[in-house]
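These are my notebook entries on a single protein chain. I set down what I looked up, entry by entry.

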Amino acid sequence: SVFLFKSLRENKKANAIITQQKLEVEESRKELLDSINYARRIQYALLASNKLLDTYLKDYFVYFQPKSVVSGDFYWACNTPEGFIYITADCTGHGVPGAFMSLLNISKLNQAINENKIYRPDLILNNVRNEIVNALNPEGSTEVSRDGMDAVLCKLDYKNLKLQYASANNTFYIVRNKEVIYCKPDKMPVGVGQDNSAEFTFNEIQLGKGDIIYTFSDGFADQFGGPKGKKFKYKQLCELLVSVSHEPMETQKAVLENSFKKWQGNLEQIDDVCVLGVRV
């Protein structure tokens with residue numbers, strides 16, 4: 001009886017300790033989730049707002065599907081005296097590290113355009129790259145940080161129907177009457193690359209009424225799924241965009257979202273997804 005009594009008492013103590021530990025873990029988990037959700041609100045506040053996009057883009061959609069609560073992908077925009085500038089970007093990493101990088105990149109974009117009054121796409125990316133490299137590699141640092149972003153930066157001139165752009169590693173498409181214009185990027189990031197003295201290329205394209213500009217990160221094309229668990233790939237993404245290009249923009253967004261979920265199936269989403277479509 002004495003032995004059973006002692007065992008019961010010890011079990012009660014152990015259960016009390018385990019219960020307390022569970023409560024502490026749950027409280028820590030709640031605090032962490034609350035912090036991440038608060039960070040999400042901050043990040044979303046810095047993305048291009050619907051009001052801004054509705055004001056300056058005549059017909060568009062944004063399909064934004066982060067892998068986690070916060071995202072390394074982002075889309076940002078501002079109006080300038082020379083045209084409307086918007087960017088689709090994919091920062092190094094995803095989740096919390098990617099979100100930190102997105103905030104840094106947005107701040108440097110805002111500085112380059114709104115403070116330094118740089119409006120040409122290639123010069124903007126050159127300036128942002130220098131700022132990012134200097135910020136992440138201060139004098140005296142022993143390791144080189146290669147964090148940065150891949151991005152497509154567009155400037156729309158509605159009056160003259162022209163698109164100026166510069167692109168870091170990310171290709172994008174212009175669909176005109178179901179024909180595709182492939183817009184190739186510079187093979188270097190907005191960050192430390194193989195040749196940090198190389199400058200981004202200035203590109204200008206004459207647009208036509210009804211053209212749709214599709215910019216995106218690599219998350220959609222790289223998603224594993226389908227019947228064989230393979231990547232979606234850019235070719236299939238391009239074909240999908242062409243097939244829905246005649247539809248209203250909200251319909252296009254819905255088709256993209258449904259296609260992504262169907263392809264993904266029960267597999268884990270591997271990266272952030274960001275697709276913008278803008279009809280001229």
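**Entry 1: a helix pair.** I looked up which residues meet between two helices, and found that Q236, L237, L240, L241 and V244 in α5 meet Q252, V255, L256, S259 and W263 in α6. Contact here means heavy atoms within 4.5 Å. Helices (H or I, at least four residues) and strands (E, at least two) are DSSP runs, numbered from the N terminus.

Before going on, I recorded the basis of my notes: this is a predicted model, in which local features need pLDDT of at least 70, side-chain atom pairs count only at pLDDT 80 or more, and totals for chains, interfaces and linings use all residues. Residues are numbered from 1 along each chain as its sequence is written, and side-chain values use heavy atoms, with hydrogens and water left out.

Two packed helices are described by the angle between their axes and the distance between the axes. For α5 (residues 234-244) and α6 (residues 249-264), I noted an angle of about 145° and axes 10 Å apart. Axes are lines fitted to C-alpha atoms, for helices over the stretch in contact, and angles run from 0 to 180 degrees between N-to-C directions. The crossing of α5 and α6 is right-handed; a crossing is right-handed if the near helix is turned clockwise from the far one by less than a right angle, and left-handed if anticlockwise.

**Entry 2: the buried side of α5.** Which residues of α5 are buried? I listed L237, C238, L240, L241, V242 and V244. Buried means under 20% relative accessible area, exposed over 50%, and partly exposed in between (1.4 Å probe, protein chains only). The cover over these buried residues includes β6 (172-176), β7 (179-183), β9 (212-216) and α6.

**Entry 3: salt bridges.** How many salt bridges does the structure hold? I found nine, a salt bridge being a side-chain nitrogen of Lys or Arg within 4 Å of a carboxyl oxygen of Asp or Glu.

- R279 pairs with D59, and their closest N and O atoms are 3.0 Å apart. This pair links distant parts of the chain, with R279 in strand β12 (residues 273-279) and D59 in strand β1 (residues 59-65), 220 residues apart. R279 counts as buried because its relative accessibility is 18%, whereas D59, at 29%, counts as partly exposed.
- E131 and K108 form a salt bridge at 3.6 Å, N to O. Here helix α4 (residues 121-136) supplies E131 and helix α3 (residues 95-115) supplies K108, 23 residues apart. E131 has a relative accessible area of 25%, so E131 is partly exposed; K108, at 15%, counts as buried.
- D122 and R120 meet at 2.7 Å, N to O, in a salt bridge. D122 is buried at 4% relative accessibility, while R120 is partly exposed at 38%.

**Entry 4: helix α1.** I found I42 in helix α1 (residues 2-46). I42 counts as partly exposed because its relative accessibility is 39%. R29 also has its place in helix α1, and R29 is partly exposed at 48%. Between R29 and Y75 I noted 46 residues in sequence and 29 Å in space, C-alpha to C-alpha.

**Entry 5: the whole chain.** The protein chain has six helices and twelve strands. Its C-alpha atoms fill a box of roughly 95 × 50 × 35 Å, taken along the principal axes. Of the 280 residues, 44% are buried.
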